[in-house]
Amino acid sequence: EPVRSDATGKPEELVRFTFERISDYQIAGHLLEQHTHAGHPINPLTKGSPLQEFIHSDNLYMYAGILESLAVILPEKAGTELLELETENSGHWQLQDAFLKSLLLRQQKFFTPTTRSFVINLSDSYENHWLNTLIAIATGPENPYNAEYLDEKLRPLSMPERDAHWSVDIASIDLEEHLTLNLLLTWAFESGFDVIETPRAQLSGLILTWLLSTSNRKIRDRATKSLASLLAPRLSLAIHLMERFRTINDLYIQERLLAAIYGAALQGKCESDLGNVATLVFEWVFASGEPPKHLLLRDYARGIIEYANNRNVLSADIDLPCARPPYKSTWPIEYVSDKDLDAYAEERNGHSCRDDITQSASSEWSGDFAKYIIAPAVGYWCATSLVEGNAKTGTQLFNEWFAIFCKEASTEQI
């Protein structure tokens, strides 16, 4: 910053550095040069060498900036990590902190398997540095552990496995405290309409789509909006993402991906690709005649097709009535008998009883899920068929019953 225009009117971005930060980098570079020119090995460090004396200095905390710069320079110029140096001081928190700060400051091509191992080893139950780092480096085209690496790991997993290793961890993030994820979502939302290099835009779309698997509503909603902003001027990227996620085993992801594409299309920034987007959506969702059993997914998909039709870019090969309700999918709700539920049993104190999940969902008296989630959701319904017209009121039902009762009841009953 700040961003200004040069004499030709072309935008020019200026990046400001403090003199102290520049001097830290220069000093760290001089220290490394002094060390190597004297013939000292870097790993292991020899006693009395410039690097060894610096790292073991009693007042190392006073040179935190130089140490952080050294953590950037070492992998770039010497092919080694700061924490890789064989020194009794390598476990010092200042060295660890400098290493973690270097992850985004270094050239991303110098993020190696050794780097990854150190980050994972420094992660603990209080702060998952590896998860934070995966999110931070996800959009870097040169980083071998970017969003493509994450996609390679998550895609083959079953949905329960993916939830356990990814979605649950994302759901536990507090956006007010997790600056890395907050920064990604804010950047994509606010800068999505700007010029972004194609590889970075593709990686951004990939990580944002994987964030849609989480049950954290705030993160999921912000990821959807950020993805819509990113896709609005580049609907060709929407086609790329649909081709990659149309077969993913998670309707949660597919639903919000279509929601983001629908929102992006409505911005009207890239109508040249709108027809192709609508064609792929139709082939994915409606062409078989049995769209996925997901109300919102169907609605978003239909909205994209209807908008393309409204803009006169819908292919003549699209059977538009097929994308409109009523649909012919099989009824998705299956009857579950008590016998089926009894199969989910466990032994407790010598007695067989249903497991915690089944018990919580099957009994309004003893299960919180049944009491607070299921009961309110199905509290207002009636068994009247839709083809029978209006349902009878409580008064009408009582009068019918009372008439039958008076006609058939005995004197004692009356």
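Guide: Buried means under 20% relative accessible area, exposed means over 50%, and partly exposed lies in between (1.4 Å probe, protein chains only). This is a predicted model, where local features need pLDDT of at least 70, side-chain atom pairs count only at pLDDT 80 or more, and totals for chains, interfaces and linings use all residues. Residues are numbered from 1 along each chain as its sequence is written, and side-chain values use heavy atoms, with hydrogens and water left out.

Visitor: Okay. How many salt bridges does the structure hold?

Guide: There are 15. A salt bridge here is a side-chain nitrogen of Lys or Arg within 4 Å of a carboxyl oxygen of Asp or Glu.

Visitor: Which residue forms a salt bridge with Lys101?

Guide: Glu68 does, and the closest N and O atoms are 3.3 Å apart. The pair links distant parts of the chain, 33 residues apart: Lys101 is in helix H4 (residues 93-105) and Glu68 in helix H3 (residues 64-78). Helices (H or I, at least four residues) and strands (E, at least two) are DSSP runs, numbered from the N terminus.

Visitor: And Glu68, buried or exposed?

Guide: Glu68 has a relative accessible area of 12%, so it counts as buried. Lys101 is partly exposed, at 40% relative accessibility.

Visitor: Which residues are linked with Glu68 and Lys101 in a network of salt bridges?

Guide: Arg21 and Asp97 are linked with them in that network.

Visitor: What about Glu197 and Arg200, how do their side chains meet?

Guide: They meet in a salt bridge, 3.1 Å from N to O. Glu197 is partly exposed at 45% relative accessibility, and Arg200 is partly exposed at 26%.

Visitor: What does Lys392 pair with?

Guide: Lys392 forms a salt bridge with Glu400, with 2.7 Å between the closest N and O atoms. Lys392 is partly exposed at 46% relative accessibility, and Glu400 is partly exposed at 37%.

Visitor: New topic, the backbone. What kind of peptide bond joins Asn43 and Pro44?

Guide: A cis one, with omega about 10°. Pro44 sits in the loop between helix H1 (19-37) and helix H2 (50-55). Pro325 and Pro326 are also joined by a cis peptide bond, with omega about 5°.

Visitor: Where is Pro326?

Guide: In the loop between helix H15 (295-310) and helix H16 (338-342). Asn312 is found in the loop between H15 and H16 too.

Visitor: What is the phi of Asn312?

Guide: It is positive, about 60°, although Asn312 is not a glycine. Asn312 counts as exposed, at 71% relative accessibility.
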